[in-house]
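Good morning. Please look at the sequence and the model on the screen, and then we will go through some parts of it.

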Amino acid sequence: MPKRRTSLQDWWSGSFDRIAHSYLVWAMVAVIAGFWLFNVRQLVLEYADREENLIREYQGRLLERKREDFDDIFRATYQHARTISLIPAIRAVPGRNRRSHQEHVLNEGRISVDTYETARQIYVNLSRNIQVSEVYYVLDGFRPQDGEVPFLMFDRGIKKSDPFGNNGYAATVDSPEEYEEAEYDYYLKQIEWFRQRYPRWVFENNIDGIPAVLSPTLRTCDNTQYESVTGGDVRNTQGLLYSVPVYGQGDGRLKGVISAVLRINVLEAVLIGVPHLIVTEGDRKAAERAGWVMPEEASNFALSHEGYGIEIYDRRNPLFAHGLASARDNLPGRWASSEVSLRTDGVMRIYHYLTPEQLDQLAEPIRDERNRAIFARVALLAVLMLIFWRAVRDQRRHHAELVRLALYDALTMLPNRRLFGQRLEQAVGRARRYGSKVGLMFLDIDNFSVINSTLGHQAGDALLAAVAARLRDTLRVNDEVTVREAIEHRALARVGGDDFTLMFEDLEKPEDVGIVIERIMEAFREPLVFDNQHAEVSLSAGLAVFPDDADGTEELLVCCEHALRHARSSGAGEYRMFSDEMRLKAARQNLLVRELRNAVREQQFSLVYQPKLDLRTRQVISFEALLRWQHAELGFVSPAEFVPLLERSGQIVEVGRWILETACAQLLAWQRSGRPDLRMSVNVSARQLLLSDFVGAVAEVLRGSGLEPKALTLEITESMVIDNLSDGSGALERLRALGVKIAIDDFGTGYSSLTYLQNLPVDCLKLDKSMIDTVLEQRGAHVVRMTIGLAHGLGLEVVAEGVEEQAQMEALVGMDCDIMQGYYFSRPLAAKDAGALLAPDAATHAA
């Protein structure tokens, strides 16, 4: 009996056997393994970064708190010392330092009691809060070698300000005078430092710029925490001299320094995080009464100033036994530092040290998480490799599906832009080789954005699928057009959004495509049913032909898009073939763009003025300034042609400023000739309003011309206001603040809604000619009458533009319209002819 083959043997020797033994499979295995190793490496690096960030943030928080504590100390010391130095009486102190301790500045009348008490109270306040032991006022010219002492010495309050109740022994055992020599010598150095760098008062507008200067660690006269001469720790008598300059009240010259003595043990206590150091038995009892104890674990903070060789740290910490520099160089672990603001020379930094054990403790949670993640990836790799062997067997089956997904649109199952581009390149290449033609059609769903926003994106996708299905069904119908692929769905493609393309190869005559286009248009006259909804959908189409219209693929696409644009402008459900007329129009546009630069530079523009008639008084009450361009070679160029080009290029800002200045000057001339009530309207584009300082320009023109702001009306189209409602309303508010009137132009062509006008600073509503053309019809008259009534209800003046018949004017009078404008009364006129209309019989004039 033959041995039963296992499933693994079947798998290995079956149809997959050839692939499994190929180098491709092993290459893929190597790639997967390499990717896994790379992923694990990235994982390790990621967790290393997280560990680093955790430790950095932890040390950063610790250092920030300490830095704030020291900033408070040095800031308070600076401000108190600076306050004493700025007392006018202190700055005006005459004479010299005291010759000995026996001299008394109060008894001798060298300083007033009020000044002395003011300075003493500042010192007392500082010593209570910061534990500053002494504040000295040392005048320039100090001669300690001759027995002189500082002019003022606020140190008698040491016993009173001692937070431990003077539990030290220094007051009775050690004499402070024997330690004054080191302090006095450094006062001379500090005064010399200020004399060289800041000899005169230059801080009138910024007293925060008054500098300060520090000293090395010195033994001071403060022995309140010194246990005894023989058994005490000398560090309890050490301090830093923190000094600010004093400048003469009259001459502004350097007069001396105010020096505060910061006790080293106070700074050390801040590093440890306790109110005070416990160094004597009295300190211990005071701490017990206050309810706190010194932490058992020594602090790993240190304070350093390299310039002065200052090193302050927890004296109990053996890590600093050989100094900070040695600890930083030799100790394993992590150091971090932060700068303390001194307002003085050099930089003082706070250092913090984390031991390797502390680092491991902090990083332990992250490292455990990292190990679990690596283990998960190992398990994932094992599963992935098992899946891979099965996946390779199916790779050929899936290959076709992947190609389809890469080259076909997932929503409509039509070729996508990539496949369409490849086929178009190939078709153009074949046509160029064999002398044939290729037709390209762009199809676009009319108003798709409105349908999509109204029904929702899900319904929009269903609509696109339904459109594609109808296009496929339409192209499958046999017709008599001799094209090879027009009836095959692969000639149809969706290239994005609501854009479809249709390609025709071996085209004999471009007109042959007309039958296909007409069939497509006819097919979409029936409503589309999708997603349980019905919708009326129409398509616009543009067609271009290679090589008749273009020499290559890119140019063919441009021509096709140009034809589609013309079709859209003609209305919904239209199609256009690219023509010489379009080519000429594009060429004319390019010529106009070039010529506009000269027109702006050479001021080839002119203004004409169309009058507006008050329907109650039948008098001309206003003019609308209209821009005209008479080119030397092209002749009259329609504003509909060149104004959009001015807006697109940004030149409308410069031209608009010229229109405003010219129209205002002309109006002022008419007002001075006998019509002070006359007004002027000027059109404003979106680019003027939103992309320039238009409000400032209007204000400047009004100031320059001397025209009353209320005589100027700025006309802004309805669509521009709605499209830029948030930004535009702010600009309109600022224009109204100048006193200028605002009119909404072409009302009835855009959203035609009066609701948004409630929140806009608008004075006037201009009804578009399209509304006036229907005023003699029953329904049209009802709409116009209702619009006028609602506008009056909002307090708006109503202007009817485009009035061309007497019957229209009479109907508007009956509807209580305020003003009319149109060819019935007058066309736009040159300034001289427009001025003639201001005569009393102007109401009889008609074009």
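Which residues are buried in helix α16, residues 513-523? They are V513, G514, V516, I517, I520, M521 and A523. Buried means under 20% relative accessible area, exposed means over 50%, and partly exposed is in between, with a 1.4 Å probe and protein chains only. Helices (H or I, at least four residues) and strands (E, at least two) are DSSP runs, numbered from the N terminus.

A word on the source. This is a predicted model, where local features need pLDDT of at least 70, side-chain atom pairs count only at pLDDT 80 or more, and totals for chains, interfaces and linings use all residues. Residues are numbered from 1 along each chain as its sequence is written, and side-chain values use heavy atoms, with hydrogens and water left out.

Now the overall counts. The protein has 28 helices and 25 strands. It has 847 residues, of which 48% count as buried.

Back to α16. Its buried residues pack against β10 (438-445), α15 (457-475), β12 (499-505), β15 (539-546) and β16 (575-577). Take α15 from that list. The axes of α15 and α16 are 10 Å apart, and the two helices pack at an angle of about 135°. Axes here are lines fitted to C-alpha atoms, for helices over the stretch in contact, and angles run from 0 to 180 degrees between N-to-C directions. The two helices are therefore oblique to each other. Angles under 35 degrees count as roughly parallel, over 145 as roughly antiparallel, 65 to 115 as roughly perpendicular, and the rest as oblique. On the α15 side, R470, L471, T474 and L475 make the contact, and on the α16 side V516, R519, I520 and A523 do. Contact means heavy atoms within 4.5 Å. By type, the residues of this contact are five nonpolar, one polar and two charged. Ala, Val, Leu, Ile, Met, Phe, Trp, Tyr, Cys and Pro count as nonpolar, Asp, Glu, Lys and Arg as charged, and the others, Gly among them, as polar.

Another helix pair is α20 (residues 652-672) and α22 (residues 694-705), whose axes come within 10 Å and cross at roughly 30°. That makes α20 roughly parallel to α22. R657, L660, E661, C664 and L668 of α20 meet A697, V698, E700, V701 and S705 of α22. Here the division is six nonpolar, one polar and three charged.

Next, strands. How many residues of β5 (residues 254-263) are buried? The count is 10 of the 10, so β5 is largely enclosed by the rest of the structure. Strand β1 (residues 132-139) is joined to β5 by seven bridges, and the two run antiparallel. Strand β4 (residues 238-247) also runs antiparallel to β5, with nine bridges. Two strands pair if DSSP finds at least two bridges between them. L262 of β5 is the bridge partner of V132, and L240 stands opposite L262 too. The hairpin of β4 and β5 has six residues between the strands, and G252 there takes a positive phi near 70°.

Last, an open sheet of four strands, in the order β7-β6-β9-β8, with antiparallel pairing. β7 (310-313) and β8 (334-340) each have a single partner strand, so one side of each is left without a neighbour in the sheet. Four bridges join β6 (residues 301-305) to β7, and L303 has I312 as its bridge partner in β7. Helix α8 (residues 264-272) lies across β6, β7 and β9 (348-354), at about 50° to β7.
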